[in-house]
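Here is a short briefing on a structure with its sequence. Please look at both before reading the points below.

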Amino acid sequence: MHILVVDDHDFTRSMTVRLLHDIGQTDIAECRDGAEALASARAQRPDIVLTDLNMPGMDGMTFIRQLAKQKLTDSLIILSGLELSVLRAVESLAVVSGLRVLGAVAKPFRKDALASMLHAHSHPLSASGSAGDIDLAGLERGIAMEEFKAWYVPILDVKSLRTVALEAVPRWESREYGTLMGLNALAPVNRLAAAPEAAKQVVRDAMLGAALWRQMGWRGTVIVPLGLGALRDESLLDWIHAQARINGISGHVFAIALEGAAFTEDAGTAAFALARALMNEFAVIVHLRTPEDLAAMNLLTASSTITCPASWVSDPVLLHRVHECASRTRAVVGVTNVDEARLFDAMHEARIHLVQGTAVGEPAGAAETYETHLRVSG
Amino acid sequence: MDPHYLLDLTDDNRTVTKEILVQFVQSDAADRAGLAAALQAGDTKALNMLAHRIKGGARCIGALEYAAIAEDIEQGALRGIEFLRGDVEALERAGAALAAWVSRFH
């Protein structure tokens, strides 16, 4: 794995390289600034770029934009002690530009945090819940310290391109490991007894946001995904209902997302959660990721929205089955991971009403950035 | 200064820890000299940038109190030079104390 480290400060850069060596990485290039780093990246195409944001000359954000524009790497790790809100904005920029952000690490760096992020690069599709390099005791400490927060993915109406919903995806803003994201970092949470508590932290964060944006005049829905580990606490949905009442939020403003795979893995828990959510008047979104998930949808009797990967739109058999399921459950159909506005006509013809982007970040920023990105790319 | 963060990082290897600390002291002395010059010149942009570097370097070795003084200067530089003289002197004293501590570390 070829890694490029970009930091203008010789000492901190040498410390980063030392840590990478310590965790077994040997193919490492170093650069002092963005311009030098772009030249190196063009010549060597690094698998991962680790970059500081605060650099003289070309600043970190411009460097990241250029990296993405020239398609010089796939993955990025941000080395910075900057405010989380800034890091979120940078992540949003990077993801919209097509880069995968493995995480952000603050100084002092930890070997295990860096190792986890490199592991996430090597195993991008693993959703097995394997603990990998994540220290489960560390996860439990993170939950105890209330470090689980909501970040947001915009969901757009196909016709108007307006953001109609924001899905609050969980992020672990760890004091020990930095900000961790993605299934590799978070799937182990579902195996912990404390998983419902982590989910509650994300729900609380998202509800505060939903109440605030409501006051500011935004009329969209905030969606919180719940994993099986959290749903095994049968009182969780009643707790969410009570919290919604406290925050003056109705079920139309707040929705629950379930993974289709949950119906295969533990149909009883998933069906109970679905029924409980609908009884509490929450909208329910079911995300289908694989054809196997579709098979389990025979169990689904009601839903508000069903989403499938955008690639299914070009597969008439899969798309027909999605529509069949949607018709039975009276659900609206959406697709995930769409980054190009020009695809929206095809979506419309395929009777897709919603698209979910891949932008992540502060709610207003994520939605705005994503809409702008679509207008430009379309 | 608590050496445990670095010792943990180097698997309790005191020779490597010392080597890192010496590198830090050399780098930090250069940054502090730059900081003093920037203060003299009234260059708030350079003060902000150098204080940010000192903070980053200090955090890398786990010198968090020292990093906090640098952070005060980094933030203060955005407000104006008149607030900074005392902080830069405090950083100079803390940096010298840290360098003395490193020279005693074995």
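**Two packed helices**

In helix α2 of chain A, A:Gly34, A:Ala37, A:Leu38 and A:Ala41 meet A:Thr62, A:Phe63, A:Gln66 and A:Leu67 of α3(A); two residues are in contact if their C-beta atoms, placed from the backbone, lie within 7 Å. The model is predicted: local features need pLDDT of at least 70, side-chain atom pairs count only at pLDDT 80 or more, and totals for chains, interfaces and linings use all residues. Residues are numbered from 1 along each chain as its sequence is written, while chains are lettered from A and ligands numbered from 1 in the order in which they are written. Helices (H or I, at least four residues) and strands (E, at least two) are DSSP runs, numbered from the N terminus.

**How α2(A) and α3(A) pack**

- The axes of α2(A) (residues 34-44) and α3(A) (residues 60-69) come within 10 Å and cross at roughly 20°.
- That angle makes α2(A) roughly parallel to α3(A) (angles under 35 degrees count as such).

**Helix α8 of chain A**

- The 21 residues of α8(A) (residues 195-215) should span 30 Å at 1.5 Å a residue, and the end C-alpha atoms are 31 Å apart, which agrees; the expected span is 1.5 Å times one less than the number of residues.
- Buried residues of α8(A) include A:Ala195, A:Lys200, A:Val203 and A:Ala210 (buried: 20 or more other C-beta atoms within 10 Å of the residue's own; exposed: 12 or fewer; partly exposed: in between).
- A:Gly217, with a positive phi near 100°, follows α8(A).

**A:Arg289**

- A:Arg289 lies in the loop between β11 (283-287) and α13 (291-295) of chain A.
- Is A:Arg289 buried or partly exposed? A:Arg289 counts as partly exposed because it has 15 C-beta neighbours inside 10 Å.
- Leaving aside neighbours within four places in sequence, A:Arg289 is in contact with A:Gly260, A:Ala261 and A:Pro309.
- A:Thr336 is 47 residues from A:Arg289 in sequence and 9.1 Å away in space, C-alpha to C-alpha.

- Chain B has five helices and zero strands.
- Of the 106 residues of chain B, 41% count as buried.
- 12 residues of chain A are in contact with 14 residues of chain B.
- Helix α1 (residues 10-22) of chain A gives the largest share of chain A's side, five residues.

Note on methods. Axes fitted to C-alpha atoms, helices over the stretch in contact; angles between N-to-C directions. Parallel < 35°, antiparallel > 145°, perpendicular 65-115°, else oblique.
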